[in-house]
Amino acid sequence: MSAKGRRLESAPFLLELCIAILVFSLAMGVILRLSAAARQKSDDASALSAAAMAASTAADYLRAGDEAGFCAAFSAERTEGGFFARGVLCEGEKAERGFALSVVKRNSGLLTTYSIELKDENGQALISLVAAHVEGGGAP
Amino acid sequence: MKKQAPNQRPLAFSVTAGAPSVLVVLICLCLTALSVLSLIAAGNEFILASRTVTETERYYQADAEASAILAGILEEYRRTGTVPSIEGVTFARPEGQIAANGEESPAFLAEFDVPCGENSTLRCSAVVYPDGRCDILCWKKVFSAEQTFFDDSMNIWSGE
(Lines give C-alpha, C1' and ligand atoms only; values in the text may rest on other atoms or scores of the structure.)
Protein backbone atom coordinates (compact mmCIF):
# COMPACT_ATOMS: atom_id res chain seq x y z
CA MET A 1 0.00 0.00 0.00
CA SER A 2 1.25 3.44 -0.86
CA ALA A 3 1.88 6.17 1.70
CA LYS A 4 -1.11 8.15 0.42
CA GLY A 5 -3.41 5.15 0.79
CA ARG A 6 -2.28 4.56 4.40
CA ARG A 7 -2.93 8.21 5.22
CA LEU A 8 -6.42 8.00 3.77
CA GLU A 9 -7.22 4.89 5.84
CA SER A 10 -5.87 6.20 9.16
CA ALA A 11 -7.66 9.55 8.90
CA PRO A 12 -11.11 8.26 10.05
CA PHE A 13 -9.47 6.37 12.88
CA LEU A 14 -7.71 9.50 14.11
CA LEU A 15 -10.94 11.48 13.73
CA GLU A 16 -12.80 8.91 15.85
CA LEU A 17 -10.05 9.01 18.45
CA CYS A 18 -10.29 12.80 18.63
CA ILE A 19 -14.08 12.66 19.04
CA ALA A 20 -13.71 9.98 21.72
CA ILE A 21 -11.23 12.14 23.63
CA LEU A 22 -13.57 15.14 23.34
CA VAL A 23 -16.57 13.15 24.55
CA PHE A 24 -14.51 11.65 27.38
CA SER A 25 -13.33 15.05 28.57
CA LEU A 26 -16.87 16.47 28.46
CA ALA A 27 -18.17 13.47 30.37
CA MET A 28 -15.37 13.77 32.91
CA GLY A 29 -16.33 17.40 33.50
CA VAL A 30 -19.90 16.37 34.31
CA ILE A 31 -18.74 13.44 36.46
CA LEU A 32 -16.34 15.61 38.44
CA ARG A 33 -19.11 18.12 39.11
CA LEU A 34 -21.41 15.32 40.30
CA SER A 35 -18.68 13.94 42.56
CA ALA A 36 -17.92 17.38 43.98
CA ALA A 37 -21.63 17.96 44.69
CA ALA A 38 -21.84 14.55 46.40
CA ARG A 39 -18.79 15.33 48.51
CA GLN A 40 -20.19 18.74 49.51
CA LYS A 41 -23.54 17.19 50.43
CA SER A 42 -21.86 14.47 52.46
CA ASP A 43 -19.71 17.03 54.31
CA ASP A 44 -22.81 19.15 55.03
CA ALA A 45 -24.59 16.08 56.40
CA SER A 46 -21.63 15.25 58.67
CA ALA A 47 -21.49 18.84 59.93
CA LEU A 48 -25.25 18.86 60.57
CA SER A 49 -25.06 15.63 62.57
CA ALA A 50 -22.13 16.95 64.59
CA ALA A 51 -24.00 20.22 65.18
CA ALA A 52 -27.05 18.31 66.48
CA MET A 53 -24.79 16.34 68.81
CA ALA A 54 -23.00 19.46 70.10
CA ALA A 55 -26.21 21.44 70.60
CA SER A 56 -27.97 18.61 72.43
CA THR A 57 -24.92 18.15 74.68
CA ALA A 58 -25.02 21.87 75.51
CA ALA A 59 -28.78 21.66 76.12
CA ASP A 60 -28.32 18.70 78.48
CA TYR A 61 -25.71 20.57 80.54
CA LEU A 62 -27.93 23.64 80.80
CA ARG A 63 -31.23 21.88 81.51
CA ALA A 64 -29.48 20.12 84.39
CA GLY A 65 -28.45 23.54 85.73
CA ASP A 66 -24.74 22.79 85.28
CA GLU A 67 -23.57 26.10 83.81
CA ALA A 68 -20.00 25.57 85.05
CA GLY A 69 -19.86 22.19 83.37
CA PHE A 70 -21.17 23.69 80.14
CA CYS A 71 -18.53 26.45 80.23
CA ALA A 72 -15.79 23.88 80.86
CA ALA A 73 -16.95 21.49 78.14
CA PHE A 74 -17.33 24.14 75.42
CA SER A 75 -14.71 26.66 76.66
CA ALA A 76 -17.59 29.12 76.73
CA GLU A 77 -17.39 32.63 78.08
CA ARG A 78 -20.19 34.43 79.88
CA THR A 79 -21.75 37.34 78.02
CA GLU A 80 -24.28 39.92 79.11
CA GLY A 81 -27.31 37.81 78.25
CA GLY A 82 -25.90 34.30 78.41
CA PHE A 83 -22.92 32.44 76.98
CA PHE A 84 -20.84 32.32 73.82
CA ALA A 85 -18.48 29.62 72.58
CA ARG A 86 -16.47 28.87 69.46
CA GLY A 87 -15.29 25.44 68.38
CA VAL A 88 -14.76 23.01 65.55
CA LEU A 89 -17.25 20.50 64.17
CA CYS A 90 -16.00 17.15 62.82
CA GLU A 91 -12.51 17.84 64.12
CA GLY A 92 -9.82 15.92 62.22
CA GLU A 93 -12.21 14.91 59.46
CA LYS A 94 -12.56 16.14 55.90
CA ALA A 95 -15.79 17.93 56.81
CA GLU A 96 -14.06 19.97 59.52
CA ARG A 97 -15.48 23.47 59.99
CA GLY A 98 -15.81 26.04 62.73
CA PHE A 99 -18.96 26.84 64.69
CA ALA A 100 -20.25 29.55 66.98
CA LEU A 101 -22.58 28.62 69.84
CA SER A 102 -24.61 31.39 71.41
CA VAL A 103 -26.88 30.93 74.42
CA VAL A 104 -29.43 33.46 75.63
CA LYS A 105 -30.52 32.97 79.24
CA ARG A 106 -33.86 34.10 80.67
CA ASN A 107 -35.02 33.79 84.26
CA SER A 108 -38.65 33.68 85.31
CA GLY A 109 -39.32 32.48 88.84
CA LEU A 110 -38.28 28.87 89.26
CA LEU A 111 -37.80 28.45 85.53
CA THR A 112 -34.60 29.31 83.67
CA THR A 113 -34.84 29.13 79.89
CA TYR A 114 -31.84 28.87 77.57
CA SER A 115 -32.15 29.58 73.82
CA ILE A 116 -29.26 27.81 72.13
CA GLU A 117 -28.25 28.57 68.55
CA LEU A 118 -25.39 26.94 66.70
CA LYS A 119 -24.09 28.58 63.52
CA ASP A 120 -21.34 27.49 61.15
CA GLU A 121 -18.37 29.63 60.18
CA ASN A 122 -20.38 31.25 57.37
CA GLY A 123 -23.02 32.42 59.83
CA GLN A 124 -25.61 29.88 58.67
CA ALA A 125 -27.81 28.58 61.51
CA LEU A 126 -27.50 24.79 61.76
CA ILE A 127 -29.68 24.11 64.79
CA SER A 128 -31.52 26.07 67.45
CA LEU A 129 -32.82 24.49 70.65
CA VAL A 130 -34.62 25.62 73.77
CA ALA A 131 -33.58 24.10 77.09
CA ALA A 132 -35.23 24.80 80.43
CA HIS A 133 -34.11 24.19 83.99
CA VAL A 134 -36.49 24.04 86.97
CA GLU A 135 -35.12 24.98 90.37
CA GLY A 136 -35.90 22.28 92.89
CA GLY A 137 -36.63 19.58 90.33
CA GLY A 138 -34.68 16.36 90.53
CA ALA A 139 -34.68 12.66 89.92
CA PRO A 140 -35.75 10.42 92.82
CA MET B 1 5.82 -13.18 -0.90
CA LYS B 2 2.16 -14.14 -0.94
CA LYS B 3 -0.01 -11.83 -3.04
CA GLN B 4 -3.29 -10.47 -1.68
CA ALA B 5 -6.40 -11.36 -3.67
CA PRO B 6 -7.95 -8.37 -5.45
CA ASN B 7 -11.39 -8.70 -3.67
CA GLN B 8 -9.85 -9.00 -0.15
CA ARG B 9 -9.62 -5.82 1.91
CA PRO B 10 -7.06 -5.24 4.67
CA LEU B 11 -8.46 -6.12 8.13
CA ALA B 12 -6.39 -3.62 10.12
CA PHE B 13 -8.83 -0.73 10.07
CA SER B 14 -12.10 -2.69 10.24
CA VAL B 15 -11.04 -4.37 13.54
CA THR B 16 -10.00 -1.17 15.32
CA ALA B 17 -12.76 1.08 13.99
CA GLY B 18 -15.28 1.90 16.77
CA ALA B 19 -13.37 0.15 19.56
CA PRO B 20 -12.17 3.37 21.28
CA SER B 21 -15.69 4.82 21.05
CA VAL B 22 -17.25 1.78 22.66
CA LEU B 23 -14.63 1.81 25.40
CA VAL B 24 -15.10 5.51 26.08
CA VAL B 25 -18.88 5.20 26.19
CA LEU B 26 -18.66 2.27 28.60
CA ILE B 27 -16.19 4.06 30.89
CA CYS B 28 -18.29 7.24 30.88
CA LEU B 29 -21.45 5.27 31.60
CA CYS B 30 -19.87 3.47 34.55
CA LEU B 31 -18.38 6.64 36.03
CA THR B 32 -21.64 8.57 35.61
CA ALA B 33 -23.61 5.79 37.27
CA LEU B 34 -21.19 5.73 40.22
CA SER B 35 -21.28 9.51 40.57
CA VAL B 36 -25.07 9.62 40.50
CA LEU B 37 -25.24 6.83 43.09
CA SER B 38 -22.82 8.65 45.39
CA LEU B 39 -24.86 11.86 44.98
CA ILE B 40 -28.05 10.00 45.89
CA ALA B 41 -26.36 8.43 48.92
CA ALA B 42 -25.05 11.82 50.06
CA GLY B 43 -28.52 13.32 49.58
CA ASN B 44 -30.07 10.59 51.73
CA GLU B 45 -27.40 11.14 54.37
CA PHE B 46 -28.25 14.84 54.42
CA ILE B 47 -32.00 14.14 54.71
CA LEU B 48 -31.32 11.82 57.66
CA ALA B 49 -29.17 14.47 59.37
CA SER B 50 -31.92 17.08 58.79
CA ARG B 51 -34.51 14.76 60.32
CA THR B 52 -32.25 14.20 63.32
CA VAL B 53 -31.98 17.97 63.76
CA THR B 54 -35.76 18.41 63.46
CA GLU B 55 -36.49 15.64 65.97
CA THR B 56 -33.89 17.02 68.40
CA GLU B 57 -35.44 20.49 68.16
CA ARG B 58 -38.93 19.07 68.72
CA TYR B 59 -37.83 17.05 71.72
CA TYR B 60 -36.13 19.97 73.44
CA GLN B 61 -39.08 22.25 72.63
CA ALA B 62 -41.43 19.75 74.31
CA ASP B 63 -38.99 19.37 77.20
CA ALA B 64 -38.93 23.14 77.72
CA GLU B 65 -42.76 23.28 77.65
CA ALA B 66 -42.96 20.44 80.19
CA SER B 67 -40.42 22.22 82.40
CA ALA B 68 -42.51 25.39 82.23
CA ILE B 69 -45.62 23.46 83.29
CA LEU B 70 -43.75 21.84 86.18
CA ALA B 71 -42.32 25.18 87.29
CA GLY B 72 -45.84 26.64 87.20
CA ILE B 73 -47.16 23.82 89.40
CA LEU B 74 -44.29 24.20 91.88
CA GLU B 75 -44.68 27.97 92.16
CA GLU B 76 -48.45 27.78 92.53
CA TYR B 77 -48.29 25.08 95.21
CA ARG B 78 -45.57 26.88 97.14
CA ARG B 79 -47.44 30.20 96.97
CA THR B 80 -51.01 29.08 97.72
CA GLY B 81 -50.49 25.76 99.50
CA THR B 82 -53.31 24.22 97.47
CA VAL B 83 -53.17 21.81 94.59
CA PRO B 84 -53.30 24.00 91.48
CA SER B 85 -55.78 23.45 88.68
CA ILE B 86 -54.03 23.40 85.33
CA GLU B 87 -55.62 22.18 82.13
CA GLY B 88 -54.15 18.90 80.91
CA VAL B 89 -52.51 18.06 84.24
CA THR B 90 -53.90 15.34 86.50
CA PHE B 91 -53.20 15.44 90.22
CA ALA B 92 -53.33 12.50 92.63
CA ARG B 93 -52.06 11.50 96.01
CA PRO B 94 -49.00 9.28 95.60
CA GLU B 95 -49.24 5.83 97.11
CA GLY B 96 -47.27 5.18 100.31
CA GLN B 97 -46.65 8.86 101.04
CA ILE B 98 -47.45 8.97 104.75
CA ALA B 99 -45.88 11.65 106.93
CA ALA B 100 -44.02 10.84 110.18
CA ASN B 101 -47.02 11.64 112.38
CA GLY B 102 -49.20 9.14 110.52
CA GLU B 103 -51.20 11.74 108.62
CA GLU B 104 -51.48 11.83 104.90
CA SER B 105 -48.50 13.54 103.28
CA PRO B 106 -49.22 16.92 101.67
CA ALA B 107 -47.18 15.85 98.64
CA PHE B 108 -49.10 15.06 95.46
CA LEU B 109 -48.42 13.45 92.14
CA ALA B 110 -48.72 15.57 88.99
CA GLU B 111 -48.96 13.86 85.60
CA PHE B 112 -49.15 15.45 82.18
CA ASP B 113 -48.30 14.86 78.52
CA VAL B 114 -46.73 17.33 76.13
CA PRO B 115 -47.00 16.73 72.36
CA CYS B 116 -43.62 16.01 70.84
CA GLY B 117 -43.88 15.75 67.07
CA GLU B 118 -46.63 14.05 65.09
CA ASN B 119 -46.86 10.65 66.72
CA SER B 120 -45.24 10.98 70.09
CA THR B 121 -45.63 12.75 73.41
CA LEU B 122 -43.39 13.56 76.32
CA ARG B 123 -44.92 11.83 79.37
CA CYS B 124 -44.06 13.45 82.67
CA SER B 125 -44.95 12.63 86.24
CA ALA B 126 -43.49 14.18 89.37
CA VAL B 127 -44.16 14.14 93.11
CA VAL B 128 -44.51 17.75 94.24
CA TYR B 129 -43.75 18.78 97.84
CA PRO B 130 -45.07 21.89 99.61
CA ASP B 131 -41.59 23.41 99.94
CA GLY B 132 -41.34 23.83 96.16
CA ARG B 133 -39.31 20.68 95.64
CA CYS B 134 -40.20 17.81 93.36
CA ASP B 135 -39.08 14.30 92.52
CA ILE B 136 -39.38 13.42 88.86
CA LEU B 137 -40.71 9.88 88.48
CA CYS B 138 -41.14 9.75 84.72
CA TRP B 139 -39.86 12.02 81.94
CA LYS B 140 -39.82 10.10 78.70
CA LYS B 141 -40.89 10.25 75.08
CA VAL B 142 -43.57 7.70 74.23
CA PHE B 143 -45.11 6.83 70.89
CA SER B 144 -48.84 7.14 70.49
CA ALA B 145 -50.93 3.97 70.46
CA GLU B 146 -51.98 4.41 66.83
CA GLN B 147 -48.45 4.19 65.58
CA THR B 148 -47.55 0.74 64.33
CA PHE B 149 -43.84 1.08 63.69
CA PHE B 150 -42.90 -2.31 64.89
CA ASP B 151 -45.67 -4.35 63.33
CA ASP B 152 -43.65 -6.67 61.11
CA SER B 153 -46.21 -9.50 61.13
CA MET B 154 -46.89 -11.21 57.82
CA ASN B 155 -50.40 -11.50 56.43
CA ILE B 156 -50.54 -15.08 55.31
CA TRP B 157 -53.74 -16.49 53.88
CA SER B 158 -55.07 -19.08 56.27
CA GLY B 159 -57.83 -20.49 54.17
CA GLU B 160 -61.55 -19.81 54.11
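Over how many bridges do E3(A) and strand E4 of chain A pair? I shall begin with that question this morning. The model before us is predicted. In it, E3(A) and strand E4, residues 111–120 of chain A, pair in the antiparallel sense over 10 bridges.

Chain A has an open sheet of 5 strands in the order E1-E2-E3-E4-E5, with antiparallel pairing. Why is one side of E1 and of E5 left without a neighbour in the sheet? E1 and strand E5, residues 125–134 of chain A, stand at the edges, and each has a single partner strand, so one side of each remains without a neighbour there.

The second chain comes in at this point. H2(B) packs on the sheet and touches E4 and E5 of chain A; the direction of H2(B) makes about 20° with that of E5(A).

I turn next to the helix itself. H2(B) has 62 residues, and at 1.5 Å a residue it should span 92 Å. Its end C-alpha atoms are 91 Å apart, which agrees with that expectation. Just after H2(B), B:Gly81 takes a positive phi of about 80°.

What does chain B as a whole bring to chain A? In total, 39 residues of chain B are in contact with 39 residues of chain A. On the side of chain B that touches chain A, the elements giving two or more residues are helix H1 (12–16), helix H2 (19–80) and strand E4 (134–143) of chain B. H2(B) gives the most, with 30 residues. Sorted by class, this side of chain B has 21 nonpolar, 12 polar and 6 charged residues.

Finally, I would draw your attention to two loop residues of chain A. A:Ser75 is found in the loop between helix H2 (67–74) and strand E1 (77–78) of chain A. Its phi is near 50°, a positive value in a residue other than glycine. Is A:Ser75 buried or exposed? With 9 other C-beta atoms within 10 Å, A:Ser75 is exposed, since the cut-off for that class is 12 or fewer.

The other residue is A:Cys90, in the loop between strand E2 (82–89) and strand E3 (97–108) of chain A. A:Cys90 also is not a glycine, and has a positive phi of about 50°. A:Cys90 has 16 C-beta neighbours inside 10 Å and therefore counts as partly exposed.

Definitions and conventions: Residues numbered from 1 in each chain as written. Chains lettered and ligands numbered in written order. Predicted model: local features only at pLDDT ≥ 70, side-chain atom pairs only at ≥ 80, totals over all residues. Contact = placed C-beta atoms within 7 Å. Helix = DSSP H or I, 4+ residues; strand = E, 2+ residues; numbered from the N terminus. Nonpolar A, V, L, I, M, F, W, Y, C, P; charged D, E, K, R; others polar. Buried ≥ 20, exposed ≤ 12 C-beta atoms within 10 Å, placed from the backbone. Pairing = 2+ DSSP bridges. Axes fitted to C-alpha atoms, helices over the stretch in contact; angles between N-to-C directions. Expected span 1.5 Å × (residues − 1).
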